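Please summarise how the two chains of this model meet, then describe one residue and its surroundings.

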Amino acid sequence: MSKARIRLPSTAKKGEVIEIKSLVNHAMESGQRKDSAGNPIPRKIINKMTCSFNGKEVMNATLHPGISANPYISFFVKVEESGTFEFAWTEDDGNVIKETAQITVG
Amino acid sequence: MTTNLHLDRRVARRTVLRGAATAAAAAGTVGLFGASAFATPEKANEMMTKLLGGKTAKEGRVTLTMPQIAENGNTVPLTVSVDSPMTDKDYVKAVHILADGNPEPAVASFGFTPASGKAEVSTRMRMAKTQNILAVAEMSDGSAWMTKTEVKVTIGGCGG
């Protein structure tokens with residue numbers, strides 16, 4: 001099972017720009033490789049990632065097979081209030097991996 | 001009589017040659033679609049135009065930080081940052097990363113909002129061989145900016 005890891009500060013000042021680091025354990029099978037019998041291994045990657053804060057989308061990413069296995073993405077968000085970050089990674093077969101993280105702004 | 005024969009032979013030779021050229025062209029086409037075709041600088045540019053909806057990007061405002069030499073093409077770190085105030089009126093809408101020597105020219109696209117605060121993103125990509133990586137930024141005012149950097153790859157990361 002794919003496991004997601006998120007790292008962000010637990011507290012921030014109002015209006016501060018914070019860095020969020022995310023990593024998911026995933027093979028990101030590119031569809032270019034062949035197995036030992038020479039048959040192509042079908043593509044299975046995470047093709048989309050989204051990050052929302054208190055229900056509003058703040059960042060989205062469209063990924064292609066050129067992204068490495070265990071996709072790592074770090075980005076920035078300006079926080080104005082306390083709340084919850086929701087992360088979602090969508091696989092080629094439609095399966096969605098979800099994770100949340102809290103931040104206290106004061 | 002001799003002259004005539006000579007002429008005939010020349011015509012015949014030309015016909016044969018033309019036939020051979022057509023056959024070679026056909027074989028070339030088959031080869032191109034049969035094998036997994038790699039992206040070329042032209043394909044990367046085509047993909048960039050497609051992602052930008054027909055617009056062309058000017059050089060500047062985008063910084064792409066990558067190692068000059070990547071020992072392992074399976075995971076090459078990269079950071080793209082765009083010079084923008086990231087306000088409601090003036091912000092970076094999207095950043096696209098393209099490769100001109102990978103099996104697929106598109107690598108990733110990132111969408112930002114004014115709430116991003118800073119138009120900067122880091123990730124790790126695969127590289128099949130030494131090639132140019134392009135980073136393109138789409139601004140809220142409709143302009144597009146880009147930068148390009150060459151990364152030398154010691155061991156490619158698309159093996160099978």
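In this predicted model, 28 residues of chain B are in contact with 29 residues of chain A, contact meaning heavy atoms within 4.5 Å. About 2300 Å² is buried between chain B and chain A, and carbon and sulfur atoms give 50% of that area; buried area is the accessible area (1.4 Å probe) that two parts lose on being put together, summed over both.

**Interface between chain B and chain A**
- B:Ala115, B:Arg124 and B:Arg126 supply 25% of the area that chain B buries against chain A, more than any other three residues.
- Zero salt bridges are counted between the chains (a side-chain nitrogen of Lys or Arg within 4 Å of a carboxyl oxygen of Asp or Glu).

**Strand pairing**
- Strand β6 (residues 72–79) of chain A pairs with β7(B) in the antiparallel sense over three bridges; strands are DSSP runs of E, at least two residues, numbered from the N terminus, and pairing needs at least two DSSP bridges.
- A:Ile73 stands opposite B:Thr123 in β7(B).

**B:Met127**
- B:Met127 lies in the chain B loop between β7 (120–125) and β8 (131–139).
- Its relative accessible area is 0%, so B:Met127 is buried (under 20%, 1.4 Å probe, protein chains only).
- Beyond neighbours within four places in sequence, B:Met127 is in contact with residues including B:Met66, B:Asn102, B:Ile133 and B:Val153.

**Conventions**
- Residues are numbered from 1 along each chain as its sequence is written, and chains are lettered from A in the order in which they are written.
- Local features need pLDDT of at least 70, side-chain atom pairs count only at pLDDT 80 or more, and totals for chains, interfaces and linings use all residues, while side-chain values use heavy atoms, with hydrogens and water left out.

Definitions and conventions
Helix = DSSP H or I, 4+ residues; strand = E, 2+ residues; numbered from the N terminus. Buried < 20%, exposed > 50% of the residue type's maximum accessible area, 1.4 Å probe, protein only.
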